[in-house]
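Here is a walk through one structure, taken a piece at a time. Have a look at the sequence and the model, then read on.

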Amino acid sequence: MTQRPPHSITRMWRDGKLTTIVLFLPPAVVLFTVFVIWPILDAAHLSFFKWSGYGAVTNFVGVKNYSVLVANPIFHQSLLNSIKLILASIFLQIPLALALALLIYRKTSVNTAFRLIFFAPYILAEIATGLIWSFVFDGDYGITAQATAALGTDPIYVLADKHFAFLAIITVIVWKYFGYHMMIFIAALQAVSTDLLEAAEIDGARTWQTIIYVKLPLIMHAVKLSIFFAIVGALQVFDIIIPMTNGGPSNSTHSIVSYLYTFGLAQLNVGYGSAVGVVLFVLCITSAFSYKRLVMDGRARR
Amino acid sequence: MKPMLSCAALALVSLLATSAFAETVKILSIEPNVTSGREFYADAAKAFEAANPGVTIQFDYLDDTSFKSKLPTLLQSSTRPDAFYTWTGGVFHEQADAGVLKDISGELDSEFKATLAPIGLDAMTYKGKTYGVPMYAASVTLWYNKDLTDKAGVDPAKIKTWDDFLSAVKVIKAAGITPIIVGGKGKWPLAFYYGYLITRIVGTDGIVAANTGVGGGFASDNFVRAGAEFKRLTDLQPFQSGFMDTDNNKALGLFGDGKGAFELMGNFIVGTQRKNSTSGQGIAPDKLGFIPFPAVAGGRGNAADTFGGVNGWLVTKNASPLTVKWLKFLVNKENQEKSASLGLWLPIVKGTQSAIPDPGIRGVAELLTQAPHHQLYLDQAFGASVGSALNDAAAELATGDVDAKSAAAKVEDARQLR
């Protein structure tokens, strides 16, 4: 501040910077405040009340919504499910996407066809995906039913079984989003300089050595970015769960968001739902920022 | 100057005239599950508009879930409809407490009230004030597929008590037939069993008392017993396999396809089991029968009490004065007979039941008129949060995840949080 000359405003006015700020800053600030900051603060405020959506917000209950939430076994299960999703995204989805990207990143017509096929699930709307897979897993009329009938075994009801329903959801989510990560990796791999790959080849590196010592280190920034998207995405999973299981059987397959929807919105416990929303927000923010700080920025500094 | 003045006067008069006569009554409804329901409303609106020139009846439809979630915001805004569809019960009471409804007790003359079945008007009345007009009722009974019960050698007409029903289930299962079809994914079809058992064991008065916390609320011994009786049924594993992944539409189709002997369902099963079946034919009318829900030994409820819904229209604060006139027209005897003859629902106006073409639905309607009490679906009677806790409890009893005692405790926890 002290370094700035006293007539800086005049200078900004002269070179047009001030005009730019006056013209372009308010819309962004106003929109961001009205549609992001204010709802967040409002939700935080509502989370200390009991409110059904009707009438004035007057029933102050302190931290009761939060204490109920902390003690609620269904919320624990939802939290655990979200953690399972994050782990599955990192340890199943990303390695799968990486392996496929390494196989098909070179520009050939066959590879383009495969890229299209692998990317197709990502284009599908989430709700449609959920509905399609609920038909796949249907033990009476779906593909599962035809498979069990052809094999002559008893029908299997994957989504009705507490032990398998969430596994099915994880499968669908991995299936749906691996193509997206694969595309990020393909773009990164195509940007790897061929000079380096040729140099490795001349030095006598085998294929796997090229991958581990040359390609992977050079696309690490893309992998880290992918993991970041995977974590944030896994915390927000909602529209696949609702059509597939609707959180059932026995509320065992909720994610944090579907829990919020079912117990906060659908039952019109606005205060309680806001408390869940605040917890989700804090989880997203802390995981996003700490991941960015610990993993992504750490690399940049070195 | 003069022609201009008269022009202005004419314009003013016409403006006044249009504002005096062009009146729109806005109605917000859920999407009727059969197209003939929509046509019925459209025809009634047309007839009313013809009799009252200048009035427009505007129907807006939303699907169930959006209707429920948008209503609170809508009712508190200035663009609220004049009247809207209601399932009555806890949510209605909350709306009345919030002051978004209009007390129309004074606008309903005794002559009009006398045409309605008492259960209908009762459901629209809260703390002595009437806020709306009932239109129809739904009643749950135990439906059966005669072919399958005959095959298993069970005579449903002889099932009078819960124990009779349990032994019938055992016999049917032993004959290699799925005893009961249920849409467990939605949870509420399972809660029909739990709710009906509560109605039989606790009684309708007991339910009202428990809802205010009397005698341990929903955790009292009688509620625990209802859960235990339900558990006796689920322990027999009477449902089709994969019932927790069967939504209600699919369950109705499975029943229509003859995949199971019984289904505890509302009167609308008659049409929907046909529509949702693979063949589109469903169970032949003479093969589809029903019995009242059995009595439970030692229960405090009357065995003739029915369980189901009452639906109608609630009038909002500052609604157009024509709203009540329109609603009275909509539920007049002629329109009620017409909707009954279309088989849409159980009409709420006395003496229109005979217009129901289907003998099964007519039977349910007659049972309803003889019932001393009509218990509202518990998830609607108790409001959203306790209602869902009850549905969750029923589902967890069915999957064997909780015992009767902790199921009742969970519902009571939700009641205390409400």
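## Helix 13 of chain B

Let's start with helix 13 of chain B, where B:Ile269, B:Val270, B:Thr272, B:Gln273 and B:Asn276 are buried. Buried here means that 20 or more other C-beta atoms lie within 10 Å of the residue's own, with C-beta atoms placed from the backbone; 12 or fewer makes a residue exposed, and anything in between is partly exposed. The cover over these buried residues includes strand 6 (132-145), helix 12, strand 7, strand 8 (288-291) and helix 16 of chain B. Helices are DSSP runs of H or I with at least four residues, strands are E runs of at least two, and both are numbered from the N terminus.

This is a predicted model, so local features need pLDDT of at least 70 and side-chain atom pairs count only at pLDDT 80 or more, while totals for chains, interfaces and linings use all residues. Residues are numbered from 1 along each chain as its sequence is written, and chains are lettered from A and ligands numbered from 1 in the order in which they are written.

## Helix 12 of chain B

Helix 12 of chain B (residues 248-256) is mostly covered, with seven of its nine residues buried. Those are B:Lys250, B:Ala251, B:Leu252, B:Gly253, B:Leu254, B:Phe255 and B:Gly256. They pack against helix 9 (188-201), strand 7 (262-266) and helix 13 (269-276) of chain B. Just past the end of helix 12 of chain B, B:Gly258 has a positive phi of about 75°.

## The two domains of chain B

Chain B is assigned domain 1 (19-138 + 309-362) and domain 2 (140-306 + 375-417); such bounds come from an automatic or database domain assignment. Taken over C-alpha atoms, the centres of these two domains of chain B are 29 Å apart. Where they touch, domain 1 of chain B puts in 16 residues and domain 2 of chain B puts in 15. Two residues are in contact if their C-beta atoms, placed from the backbone, lie within 7 Å.

On the domain 1 side, helix 4 (90-97), strand 9 (306-315) and helix 16 (359-370) of chain B each give two or more residues. Helix 4 of chain B has the largest share, three residues. By class, this side of domain 1 of chain B has eight nonpolar, six polar and two charged residues. Ala, Val, Leu, Ile, Met, Phe, Trp, Tyr, Cys and Pro count as nonpolar, Asp, Glu, Lys and Arg as charged, and the others, Gly among them, as polar.

## Where the chains meet

How many residues of chain B are in contact with chain A? There are 23, and they touch 20 residues of chain A. On the chain B side, helix 3 (64-75), helix 4 and helix 18 (384-399) of chain B give two or more residues. Helix 18 of chain B gives the most, with seven. This side of chain B divides into nine nonpolar, eight polar and six charged residues.

## Inside chain A

Chain A is also assigned two domains, domain 1 (8-46) and domain 2 (67-301). Their centres, over C-alpha atoms, are 35 Å apart. Four residues of domain 1 of chain A are in contact with six residues of domain 2 of chain A, and the domain 1 side has four nonpolar, no polar and no charged residues.
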